[in-house]
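Me: Hey, I've got a structure open that I've never looked at before. Can you walk me through a few bits of it?

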Amino acid sequence: MSKKSNTSKRYTSEFKRDAVALALASDKTVTEVARDLGVSAEGLRGWVKQAKIDRGEGPAGALTTAEREELVRLRRKVREQEATIEVLGKATAFVCPERKGATGVGR
């Protein structure tokens, strides 16, 4: 009996780029190309779809790879800033107990 791993393999961007180019240039189906490369067919389909989006050939509103990376970066920054604001609010309440709330509203 074969056990499937819960961890996914990570492929370099160069490998993905070459796999997509092969899939698009080949007369074979994506499934056949994926089998030849030893990757999942669904993974290769996703790479091909994202490559088309990056070239401007995707559906309206689809995010490019660069836009996805920026979104991840900005969401991480927002979480960090929210944590900082929470810490500062608690510090303010500790240092200045007479203030009502961290914003100073209601003084």
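Me: What does the side chain of Gln50 have a polar atom 3.1 Å from?
Reply: The backbone oxygen of Leu63. That's a polar contact, meaning a pair of N or O atoms within 3.5 Å, where within protein one must be able to donate a hydrogen and the other to accept it, and residues adjacent in sequence count only if both atoms are side-chain atoms. Keep in mind that this is a predicted model, where local features need pLDDT of at least 70, side-chain atom pairs count only at pLDDT 80 or more, and totals for chains, interfaces and linings use all residues. Residues are numbered from 1 along each chain as its sequence is written, and side-chain values use heavy atoms, with hydrogens and water left out.

Me: Where does Gln50 lie?
Reply: In helix α3. Helices (H or I, at least four residues) and strands (E, at least two) are DSSP runs, numbered from the N terminus.

Me: Is Gln50 buried or exposed?
Reply: Gln50 has a relative accessible area of 17%, so it counts as buried. Buried is under 20%, exposed is over 50% and partly exposed is in between, using a 1.4 Å probe and protein chains only.

Me: Which residues is Gln50 in contact with?
Reply: Leaving aside neighbours within four places in sequence, they are Leu63, Thr64, Thr65 and Arg68. Contact here means heavy atoms within 4.5 Å.

Me: What's Arg68 doing with its side chain?
Reply: It makes a polar contact with the side chain of Gln50, at 3.4 Å. Arg68 is in helix α4, residues 65–95, and is partly exposed at 43% relative accessible area.

Me: Changing topic: how do α2 and α3 cross?
Reply: The axes of α2 (residues 30–37) and α3 (residues 41–54) come within 8 Å and cross at roughly 115°. The two helices are therefore roughly perpendicular, a label that covers 65 to 115 degrees. Axes are lines fitted to C-alpha atoms, for helices over the stretch in contact, and angles run from 0 to 180 degrees between N-to-C directions.

Me: Which residues meet there?
Reply: From α2, Val30, Thr31, Val33 and Ala34 meet Ala41, Leu44 and Arg45 of α3. They divide into 5 nonpolar, 1 polar and 1 charged.

Me: And how many helices and strands are in the protein?
Reply: There are 4 helices and 0 strands. Of the 107 residues, 14% count as buried.

How values were computed. Angles under 35 degrees count as roughly parallel, over 145 as roughly antiparallel, 65 to 115 as roughly perpendicular and the rest as oblique. Ala, Val, Leu, Ile, Met, Phe, Trp, Tyr, Cys and Pro count as nonpolar, Asp, Glu, Lys and Arg as charged, and the others, Gly among them, as polar.
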